[in-house]
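Work through the exercises below with the model open beside you. Try each task before you read its solution.

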Amino acid sequence: MEKQTPSTMDIVNRGLARRYRKEKQFKLLGLSAIIASLMFLVFLFGSIVANGWTAFRQGAIYLDITFDEQALQVENLRNANYGKLIKTSMAELFPDVSGRSQTRRLNKLVSSGAAFELQDMVLSDPGLIGTTKLVRLPVDDEVDMLLKGHISRDVPESERRISDEQIAWVDQLVEAGRLQLEFNTTFFTAGDSREPELSGIKGAIMGSMFTLLVTLALSFPIGVAAAVYLEEFAPSNKWTDFIEVNINNLAAVPSIVFGLLGLAVFLNFFGLPRSAPLVGGLVLTLMTLPTIIIASRASLKSVPPSIREAALGVGASKMQAITHHVLPLAMPGMMTGTIIGMAQALGETAPLLMIGMVAFIVDVPGSFTDPSTVLPVQIYLWADSPERAFVERTSAAIMVLLTFLICMNGVAVFLRKKFERRW
Amino acid sequence: MGMDTVLDMGDTFLTGKNTLGAIDSVVEEKVDREDRTTVGTQFVDDARMTCRDVNVFYGDKQAIRSVSIDVANNEVLAMIGPSGCGKSTFLRCLNRMNDTVDICRVKGEILLDGHDIYDKSVDVVPLRAQVGMVFQKPNPFPKSIYDNVAYGPKIHGIVNSKTELDGIVEDSLKKAGLWNEVSDRLDEPGTGLSGGQQQRLCIARAVAVRPEVILMDEPCSALDPIATATVEDLITELKEQYTIVIVTHNMQQAARISQRTAYFHLGDLVEVGATDRIFTNPLHQLTEDYITGRFG
Ligand SMILES: Nc1ncnc2c1ncn2[C@@H]1O[C@H](COP(=O)(O)OP(=O)(O)O)[C@@H](O)[C@H]1O
Ligand SMILES: [Mg+2]
């Protein structure tokens with residue numbers, strides 16, 4: 001009747017296979033999660049780059065422009081008819097083209113902004129008048145799209161915005177070496193425009209820069225000071241607990257709420273200008289402050305108390321112990337937190353919509369109160385535009401924004417690695 | 001360890017003592033374990049620091065109960081006792097380092113050269129310049145060796161010129177017995193030194209502000225035996241110029257370097273006396289229990 005009880009080793013061994021199987025399954029699960037997220041990322045970046053890289057090239061047409069004195073009415077250079085110069089030049093290239101509507105179709109190949117470029121040239125150098133010069137001018141965005149292959153020639157003529165006749169002219173120009181794709185400097189030197197070929201992101205970049213400067217100048221000192229006070233000076237009581245909870249809550253408030261607050265307080269109450277980077281910066285300051293305070297407090301906490309004791313022990317005052325020892329040691333962490341906060345602010349759209357930074361603004365802003373937009377809002381605006389050429393510009397602007405963000409995060413990682421200290 | 005165990009062990013000890021006449025012949029009768037009034041020579045004539053009826057509380061919890069003791073001029077006073085008995089707490093009262101602990105309250109009177117250091121009018125900054133401190137774990141600033149030592153003199157404005165500062169740094173490092181090892185690399189980080197060197201650097205840093213009293217909280221507990229021996233020699237030398245109060249959990253160390261020893265037990269100062277006498281012939285039963293290794 002004696003039943004043999006299995007030894008502990010037997011029981012353990014029997015369960016072993018199952019345990020290892022579980023472990024393997026868990027590992028596989030984690031690995032597939034990583035792979036899935038990597039694939040999403042690759043897909044995201046891939047589609048953005050695939051859509052956007054063509055925007056960095058732009059069709060340019062080379063025309064022999066004769067700066068005719070008669071046509072320019074020298075006494076009034078500003079109001080002269082520069083478009084006529086282009087039309088004359090085009091007519092010389094295509095002598096067969098006749099009739100009002102055909103001529104108009106021919107001239108549509110050149111961007112409507114070309115006339116302004118000629119005007120700028122003449123205004124800056126009146127000596128050009130009376131001479132003939134080979135000039136590089138932008139082409140219309142439809143021609144640009146055709147050159148880049150975004151408009152298919154196989155599509156029936158009625159369904160594309162460029163006619164067979166125009167395609168033939170374009171081919172002739174390309175053959176003559178007068179029309180080609182070149183690096184798109186306009187994209188980096190111009191503000192927004194209704195014409196895709198004339199639009200650029202400089203306005204948005206400058207707007208973002210002014211906005212971030214305001215944000216940085218306000219949120220870094222305020223955030224650090226608040227963190228130092230809370231961490232080093234504040235007595236630990238109900239009030240500080242209350243403040244701490246609220247700062248953490250503030251970090252979780254949806255950003256559009258800060259936009260509404262900015263609208264109510266800065267615009268309506270204080271009467272600051274709409275669409276201004278100054279107000280955008282103020283709103284983003286409210287939004288990034290909690291991030292910076294939390295990061296700064298964590299970095300102050302990580303400074304070992306022994307350093308404070310060492311300083312106090314040789315007779316440093318509390319202020320000296322903090323400014324001479326604690327702050328320098330906590331600074332890399334604080335800066336990392338600030339950069340991450342800034343990166344958040346750079347990518348923020350919603351609160352800025354509320355204070356009018358979503359307006360269509362052609363001029364590149366030159367100060368903190370000039371109306372302007374910012375990079376993510378520019379992306380939003382372009383994504384909303386119907387022209388095919390704005391699709392690639394949207395993606396290109398995203399690429400620029402991502403480049404900035406990656407650089408900022410790179411700096412944050414670099415700082416963290418460089419000043420990482422072990423005690 | 002609760003009091004019960006201590007008492008149990010005491011019973012066996014008592015019975016044992018009756019059979020061992022040798023111990024009896026040294027001292028007539030030990031003070032009973034339940035009696036916590038300080039026995040021995042807690043007061044001296046040439047006192048540098050005078051502590052009277054000091055009580056320390058962490059919140060509601062009392063960590064030090066009515067301690068009265070003098071620290072004599074140019075002596076090494078060792079404080080021993082089981083861990084958690086309040087040695088560090090008491091030591092940190094002597095330069096008001098406890099001020100940094102929010103919940104800590106100190107009652108009683110602590111005089112340095114006749115002035116109450118807890119008086120409202122006393123500023124802790126000059127006090128800590130007078131009463132320096134060396135901590136348990138070496139804690140050099142993550143700066144150069146030179147800057148570590150120069151920091152104190154700089155903030156107190158002790159020096160007027162760079163050469164004077166150089167002099168103080170050299171002098172302090174020599175006093176700490178570190179000069180020969182680091183004289184050619186003063187601009188290297190202090191944190192790059194070995195543990196023993198770091199602790200001597202901390203001693204040099206404390207010495208550089210020319211304190212009168214130096215407090216040391218288990219300065220050798222993080223060091224290896226050789227580094228410990230070096231620091232002990234150093235303490236013996238420093239005694240010529242400074243008054244030193246040292247906390248140690250190492251009884252041999254207390255025996256080697258101190259002139260007087262104070263034994264703390266669960267917040268009470270149980271016994272004070274000449275070190276030789278304490279270790280050969282303790283007056284209090286608890287002291288004897290501790291030095292014979294009954295608890296620690
Ligand atoms: N900062 C503090 N907050 C609360 N209690 C403390 C603090 N520091 C020490 N204590 C308590 O005071 C008692 C004495 O501690 P301490 O002076 O560090 O002992 P020792 O140095 O003799 O080991 C212990 O019971 C300890 O728990
Ligand atoms: Mg201690």
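This is a predicted model: local features need pLDDT of at least 70, side-chain atom pairs count only at pLDDT 80 or more; totals for chains, interfaces and linings use all residues.

Residues are numbered from 1 along each chain as its sequence is written, chains are lettered from A and ligands numbered from 1 in the order in which they are written, and side-chain values use heavy atoms, without hydrogens and water.

**Exercise 1.** Find which residues of the lining are closest to the centre of the largest pocket.

Solution. 
- Step 1: 30 residues line the largest pocket.
- Step 2: Closest to its centre are Glu231(A), Glu232(A), Arg308(A), Lys318(A) and Thr100(B).
- Step 3: Sort the lining by class: 13 nonpolar, 4 polar and 13 charged residues. Asp, Glu, Lys and Arg count as charged; Ala, Val, Leu, Ile, Met, Phe, Trp, Tyr, Cys and Pro as nonpolar; the others, Gly among them, as polar.

**Exercise 2.** Check the span of α10(A) against its 14 residues.

Solution. 
- Step 1: Expected span is 1.5 Å times one less than the number of residues.
- Step 2: For α10(A) that should be 20 Å.
- Step 3: Its end C-alpha atoms are 20 Å apart, which agrees.
- Step 4: Look at the start of α10(A): a side-chain oxygen of Asn237(A) comes within 3.0 Å of the backbone nitrogen of Trp239(A).

**Exercise 3.** Locate the edge strands of the open sheet in chain B.

Solution. 
- Step 1: Write the order of the 7 strands: β1-β11-β10-β4-β9-β8-β7, with mixed pairing. Two strands pair if DSSP finds at least two bridges between them.
- Step 2: β1 (39–40) and β7 (131–134) each pair on one side only.
- Step 3: β7(B) runs parallel to β8 (213–217), joined by 4 bridges. Val131(B) stands opposite Val213(B).

Note on methods
On a 1 Å grid over the protein atoms alone, a cavity is a set of points where a 1.4 Å probe fits but cannot get out, and a pocket is an open set with protein on both sides within 12 Å along at least five of seven lines; lining residues have an atom within 4 Å of a point. Helices (H or I, at least four residues) and strands (E, at least two) are DSSP runs, numbered from the N terminus. A polar contact is a pair of N or O atoms within 3.5 Å; within protein, one must be able to donate a hydrogen and the other to accept it, and residues adjacent in sequence count only if both atoms are side-chain atoms.
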